[in-house]
Amino acid sequence: MPHPLEELRDSALRDIAETQDEQALENLRVRYLGRSGSISAWGEQMKTLGKEERPVVGKLLHEARNAVTAALAQTSERLRAAKEAGALAGLDVSLPGTAYEAGALHPLTQMLDRAIQIFRRMGFALAEGPDLETEWHCFDALNTAPDHPARNEQDTFYLADGRLLRTHTSTVQIRTMETAAPPLRVIAPGAAYRRDEVDATHSAQFHQIEGLYVDEDVSVADLKGTLEFFLRELFGEDTAVRFRPHYFPFTEPSFEIDVKSKALKGGEQWIEVCGCGMVHPAVFEEVNRARSDLAFDPEKWTGFAFGLGMDRLALILFDIPDLRLFAQNDLRFLRQFA
Ligand code: DAH
């Protein structure tokens with residue numbers, strides 16, 4: 001005759017095998033193995049048993065607990081699998097999925113990223129400043145006289161409060177030097193604004209990468225080497241680079257750079273890409289005055305700066321005929337660069 005504990009075990013196993021949901025299964029666990037469950041009760045009862053019966057019951061109790069625990073785990077897994085199968089029922093994996101339209105970077109952004117990457121390899125860090133600027137950051141601090149034509153209302157967008165939309169990213173030179181001390185090596189990509197008549201090669205908003213390098217003994221040779229390397233990385237080894245003397249208030253001497261490369265549209269034509277020069281001591285002095293220190297002592301530090309017009313570069317590099325395409329958001333145009 002089976003021991004009552006064996007009968008209890010078998011009835012527990014039958015109940016568990018028939019269970020169809022998780023809550024019922026939990027109820028069974030409590031009923032048999034819970035603190036006051038019927039199998040647990042046998043544990044309590046052990047104390048009252050005689051010497052001979054105790055090991056027999058102990059063994060049966062151990063077996064019953066193990067068997068019921070295993071059955072609970074097995075059934076729990078069976079219920080979980082069934083639930084999952086239910087959720088997937090009726091799913092036709094051969095149906096076409098939802099197509100995602102992958103976006104892509106704007107050609108100008110691609111151009112900026114390429115340029116930034118090259119400068120980063122030369123150790124330039126990224127700097128930034130606001131598009132809405134003070135006159136001081138845009139002109140005065142950059143040694144630009146009050147009567148300089150660039151400050152003209154016909155050329156610059158002024159706000160009623162006297163601020164303006166920066167006409168070049170050179171403002172970031174000043175922003176950087178206000179808060180950091182030399183040696184410095186930064187580039188600042190960003191937008192600039194001028195009241196230009198909009199046509200195929202002019203826009204009221206355009207993009208530049210400004211550069212500033214301040215250290216001891218920086219020379220025109222460093223400026224030339226850095227920008228020639230940059231332009232050849234960008235346009236190819238066989239790119240010819242030409243420095244022409246020019247005038248900017250914030251550099252002395254100043255240059256404009258032209259490039260000519262077979263890789264570029266036109267091929268044999270010089271294209272102006274950059275203004276640059278050695279930072280004018282008056283710029284350092286004005287920054288020192290604003291900082292009230294001598295961090296940029298012109299006797300100790302020298303530097304070069306440059307401003308690259310990125311829209312034009314992108315036009316040449318991607319052989320795009322009209323600058324306005326950059327701002328029109330025409331997908332037929334943009335998709336060609338995806
Ligand atoms: N800011 C000038 C422009 O927009 C470009 C430029 C020229 C930037 C010389 C410089 C520089 O930093 O040194 O035309």
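This is a predicted model: local features need pLDDT of at least 70, side-chain atom pairs count only at pLDDT 80 or more; totals for chains, interfaces and linings use all residues.

Guide: The buried residues of α2 pack against α1 (4-18), α3 (38-45) and α4 (53-88).

Visitor: Which residues of α2 are buried, and on how wide an arc do they lie?
Guide: Buried here means under 20% relative accessible area. In α2, that applies to Leu25, Leu28 and Tyr32. These residues sit on the same side of α2, because the arc they cover around the axis is only 55°.

Visitor: What contact is there at the start of α2?
Guide: Look at the side chain of Asp21, where an oxygen points to a backbone nitrogen. That nitrogen belongs to Gln23, and the oxygen comes to within 3.0 Å.

Visitor: How far does α4 reach from its first C-alpha to its last?
Guide: α4 has 36 residues, and at 1.5 Å a residue 52 Å is expected. The model comes close to that, with a reach of 53 Å.

Visitor: Are α2 and α4 roughly parallel or antiparallel?
Guide: Their axes come within 10 Å and cross at roughly 175°. Angles over 145 degrees count as roughly antiparallel. That is why α2 relative to α4 is roughly antiparallel.

Visitor: Which residues of α2 make the contact with α4?
Guide: On the α4 side, the contact includes Val68, Leu72, Thr75 and Leu79, residues that are also among the buried ones of α4. On the α2 side, the contact is made by Glu22, Leu25, Arg29 and Leu33.

How values were computed
Residues are numbered from 1 along each chain as its sequence is written. Side-chain values use heavy atoms; hydrogens and water are left out. Buried means under 20% relative accessible area, exposed over 50%, partly exposed in between (1.4 Å probe, protein chains only). Helices (H or I, at least four residues) and strands (E, at least two) are DSSP runs, numbered from the N terminus. The arc is that of the directions from the helix axis to the C-beta atoms. Contact means heavy atoms within 4.5 Å. A polar contact is a pair of N or O atoms within 3.5 Å; within protein, one must be able to donate a hydrogen and the other to accept it, and residues adjacent in sequence count only if both atoms are side-chain atoms. The expected span of a helix is 1.5 Å times one less than its number of residues. Axes are lines fitted to C-alpha atoms, for helices over the stretch in contact, and angles run from 0 to 180 degrees between N-to-C directions. Angles under 35 degrees count as roughly parallel, over 145 as roughly antiparallel, 65 to 115 as roughly perpendicular and the rest as oblique.
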